[in-house]
Amino acid sequence: MKEPSRQSRWERRTQTPLLVLALGFAVAYAVPIVAPDADPGVHRACTHAEWVVWAAFAVDYLMRLGLSGAKKAFVRTHWMDLAAVLLPMIQPLRLLRVVATLMLVGRRARMAPQIRLTTYVAGAVVGLLMFGSLAVLSVERDAPNGNIKNLGDALWWSVTTMTTVGYGDHSPTTGLGRLLAVGLMLSGIALLGVVTANIAAWFISRFERDDLVERAQTAAIAELAGEVRALRAEIAALSGTGPVGAGAGAGEAGHAPDAEVHAQGGPGAGAVSAPTP
């Protein structure tokens, strides 16, 4: 059995701690937006927590990069990890950092492909709705002409935007808010495409599996039919040899008395006497 690499061992050991840190980052991101009137100490604690999580993911990325044998290939194939580290801690991009962090943790989870895809979709929907609402609320709350003033309005707007319904009762008025809306709409369309493709792939795999089972059953039936035909031919051959042999035996037995009779001169041969002179 092949021994796992040092990078794999590191990822396996840090998977759970990074998930906990990602959830802590989500809470630290949400508290100042949901409770803007909270104590300043709470806001400072949330800011420090965000920096701590950022530092933890930066250290994790550097460690995996150092343990990787092909560093260029690692950077090329782990661009999401790098994005989660390099995104600056400024207000407009913090949402992207949270999404990238949660996707990074989900990608490193060891699950079956179908379960992993379902988890991705469900987690992406919940995460985008939650953090899209928080992001647009933080941007639009203090806008002069904004109409998204509380978490309920922001959540309703996120749902209608992500499903591309767009009732129009709540909409962003700032440039950054509209940029968030575009990202949320594109994400909703992409997730809908993933769900549709996943359902189609499930049906196709099911049909292919049923087709393979049907082909195996057809082959087994054909093989059984061939064996039955061979058995019938053998039985017919044996049945044809039996009567021929029996007839031959009977014929030989029937000819034996006649030969004996002829050898003895036939019936009544002993009763014929030569004429007396």
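A residue is called buried when its relative accessible area is under 20%, exposed when that area is over 50%, and partly exposed in between (1.4 Å probe, protein chains only). The model is predicted: local features need pLDDT of at least 70, side-chain atom pairs count only at pLDDT 80 or more, and totals for chains, interfaces and linings use all residues. Residues are numbered from 1 along each chain as its sequence is written, and side-chain values use heavy atoms, with hydrogens and water left out.

The protein contains eight helices and zero strands; helices (H or I, at least four residues) and strands (E, at least two) are DSSP runs, numbered from the N terminus. Read from the N terminus on, the elements follow the order α-α-α-α-α-α-α-α. Of the 277 residues, 26% count as buried.

Helix α7 spans residues 151-162. Its twelve residues reach 16 Å from the first C-alpha to the last, close to the 16 Å expected at 1.5 Å a residue; the expected span is 1.5 Å times one less than the number of residues. The buried residues of α7 are Asp 153, Ala 154, Trp 157, Ser 158, Thr 160, Thr 161 and Met 162. At the N-terminal end, α7 is capped by Asn 150, which has a side-chain oxygen 3.1 Å from the backbone nitrogen of Gly 152. Such a polar contact is a pair of N or O atoms within 3.5 Å; within protein, one must be able to donate a hydrogen and the other to accept it, and residues adjacent in sequence count only if both atoms are side-chain atoms. After α7 comes Thr 164, with a positive phi near 60°.

Helix α2 has 28 residues and reaches 41 Å from its first C-alpha to its last, close to the 40 Å expected at 1.5 Å a residue. Its N-terminal end is capped by Asp 39, a side-chain oxygen of which lies 2.8 Å from the backbone nitrogen of Gly 41. Among the buried residues of α2 are Cys 46, Glu 50, Val 53, Phe 57 and Ala 58.

Two salt bridges are present in the structure, a salt bridge being a side-chain nitrogen of Lys or Arg within 4 Å of a carboxyl oxygen of Asp or Glu. One of them joins the side chains of Arg 64 and Asp 60 at 3.1 Å, N to O. Because these residues are four apart in helix α2, about one helical turn separates Arg 64 from Asp 60. Both Arg 64 and Asp 60 are buried. The C-alpha of Asp 60 is 8.1 Å from that of Thr 14, although the two residues are 46 apart along the chain. Thr 14 belongs to helix α1 (residues 6-34) and is buried, with a relative accessible area of 13%. A polar atom of the Thr 14 side chain lies 2.8 Å from the backbone oxygen of Trp 10.

Asp 211 and Arg 215 also form a salt bridge, with their closest N and O atoms 3.1 Å apart. These two residues are four apart in helix α8, and so are separated by about one helical turn. Asp 211 is partly exposed at 30% relative accessibility, whereas Arg 215 is exposed, with a relative accessible area of 57%.

A search of the whole structure gives four aromatic pairs. Rings of Phe, Tyr and Trp (its six-membered ring) pair if their centres lie within 6.5 Å; planes under 30 degrees apart count as stacked, over 60 as edge-to-face and the rest as tilted. One of the pairs, Trp 51 with Trp 54, is edge-to-face, at 5.6 Å centre to centre and 80° between the planes. Both residues lie in helix α2 (residues 40-67), three residues apart, about one turn of the helix. Trp 51 is partly exposed, with a relative accessible area of 43%, and Trp 54 is partly exposed at 28%. Tyr 61 and Phe 74 form a tilted pair, because their ring centres are 5.7 Å apart and their planes meet at 45°. This pair links distant parts of the chain, as Tyr 61 is in helix α2 and Phe 74 is in helix α3 (residues 71-77), 13 residues apart. Tyr 61 and Phe 74 are both buried.
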